[in-house]
Amino acid sequence: MSTENKDCVKIDEIVTQFATVGELVESHPYGNGHINDTFLVVCKSQEGNLRSYILQRMNHSIFKNPEGLMENVVHVTEYLRNVIAAQGGDPDRETLNVVRTKSGNSFYKDNHQNYWRMFLYVEHTLCLEKVESANDFYDSAVAFGNFQKMLAEYPAQQLYETIPNFHNTQSRFQAFQKAVEEDKLGRASLAANEIDFALARQQEVSILTDLLQEGQLPLRVTHNDTKLNNILFDADTKKAVCIIDLDTVMPGLALYDFGDSIRFGASTGAEDETDLSKVEVDLTLFEAFTKGYLEGCGSRLTPKEIELLPMGAKLMTYECGIRFLTDFLEGDSYFKIHREGHNLDRARTQFKLVADMEKKWDILTAIVEKYKK
Ligand code: ADP
Ligand code: GN1
Ligand code: MG
């Protein structure tokens, strides 16, 4: 079966470029990522065995240097394979595995300037869009903490910065201010309350970057996009198996990884919930993640990092809110949207969470205090 996507790219022609086990038998769009175009493809070997793959068209308007990005992914996954094997794990399952093209490249560039890459599909796993139990979330926290621990000795200077200033909340704020001032599409009046909410917190946007510059927080190799659907769980045991979406693995702060997981996973509502009464920070989930992340990092976090975990959660949530809002004001060119006002809805949930974190600040701090060694 051949699949044509929205730009009339023939998936079967793309698949033949890669060193798969055999002929394509099936393909369809897959997953809920906001950035890349993802397809599940199934191929059949001459002996009749089926093998599934993830095929992705990389978003190269966001990732300006797909070659550099894929170099990172290849180096990081090869490094992780060795660490996982040394720990007695299964490297074919516990990290992404790049499937090369028939000519040995890590990506294929088609005639329409699209960049394609392929990974082994990690079989018998599932991806959660919402936390189903505190235990799953705890497990994801251990896995993200452990991910960072596994990369602790990775030569960070060799990593290409795929999106400069990705979690620099101050520069995100400047981009947001510019979008408000320009108001190109006349949408600012639709988001007046949200804009006021974001502007009122300007004082806080540089807290983490200042501490980093002052040497009070260590730069580490971090994932930077630790939302729950960037981790695969075993379909039977529900144990976290594999961290995926390695496009933003770059030098960063542990607080970015902690914070981004909390903003998505510890919310009682979906990222795009329109009924804001359903959106708040679930304290049980916050606690489960805090416990798991500290365990996963294996005592590597400094007292200052631990103290700032609630601030990491708040600032990552705020930052994501202003990113959604900026994209709404600029015409929805960054995050994929599925309905009118989708990015504004997303910004609203993030700001609702920020307000709730502010309300529950003393409890969040006390939870962190409880798990500090
Ligand atoms: P995006 O950058 O757009 O978020 P992802 O790399 O996160 O793209 O992939 C989108 C979705 O595809 C994931 O949330 C997951 O459901 C699925 N996925 C990606 N890679 C794999 C893989 N190797 N095995 C199984 N599922 C995968
Ligand atoms: C994007 O790629 P995906 O869907 O896992 C975004 C994250 C945001 C997230 C919000 C490269 O993540 O930074 O936090 O959407 N990724 C990029 O859901 O911008
Ligand atoms: Mg993703």
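This is a predicted model: local features need pLDDT of at least 70, side-chain atom pairs count only at pLDDT 80 or more; totals for chains, interfaces and linings use all residues.
Local features need pLDDT of at least 70 and side-chain atom pairs count only at pLDDT 80 or more, while totals for chains, interfaces and linings use all residues. Residues are numbered from 1 along each chain as its sequence is written, chains are lettered from A and ligands numbered from 1 in the order in which they are written, and side-chain values use heavy atoms, with hydrogens and water left out.

**Exercise 1**

Work out what surrounds ligand 2 and which side chains make polar contacts with it.

Step 1. Start with the shell, taking a residue as near if one of its heavy atoms lies within 4 Å. There are 18 residues around ligand 2, and H34, K227, E271, R323 and Y334 come nearest.

Step 2. Sort them by type: 7 are nonpolar, 4 polar and 7 charged. Here Asp, Glu, Lys and Arg count as charged, Ala, Val, Leu, Ile, Met, Phe, Trp, Tyr, Cys and Pro as nonpolar, and the others, Gly among them, as polar.

Step 3. Look for polar contacts (pairs of N or O atoms within 3.5 Å). Oxygen atoms of ligand 2 lie 2.6 Å from a polar side-chain atom of K227, 2.8 Å from one of R323 and 3.3 Å from one of R263.

Step 4. Check the burial: ligand 2 taken alone exposes 440 Å², and the protein buries 98% of that (Shrake-Rupley areas, 1.4 Å probe).

Step 5. Bring in the helices (DSSP runs of H or I, at least four residues). Both α8 (254-265) and α11 (309-330) supply at least two shell residues, and α11 gives the most, with 3.

**Exercise 2**

Now do likewise for ligand 1: which residues are closest, and how much of the ligand is buried?

Step 1. Count the shell: 19 residues surround ligand 1, with N36, Q56, N229, N230 and D245 the closest.

Step 2. List some contacts. The backbone of N36 puts a polar atom 2.8 Å from a ligand 1 oxygen, and the backbone of N229 has an N or O atom at 2.9 Å from one. For D245, a side-chain N or O atom is 3.0 Å from an oxygen of ligand 1.

Step 3. Ligand 1 alone exposes 550 Å², of which the protein buries 96%.

**Exercise 3**

Classify the ring pair F39 and W116.

Step 1. A search of the whole structure turns up 14 aromatic pairs (Phe, Tyr or six-membered Trp rings with centres within 6.5 Å).

Step 2. For F39 and W116 the centres are 6.1 Å apart and the planes at 40°, so the pair is tilted; under 30 degrees would be stacked and over 60 edge-to-face.

Key:
A polar contact is a pair of N or O atoms within 3.5 Å; within protein, one must be able to donate a hydrogen and the other to accept it, and residues adjacent in sequence count only if both atoms are side-chain atoms.
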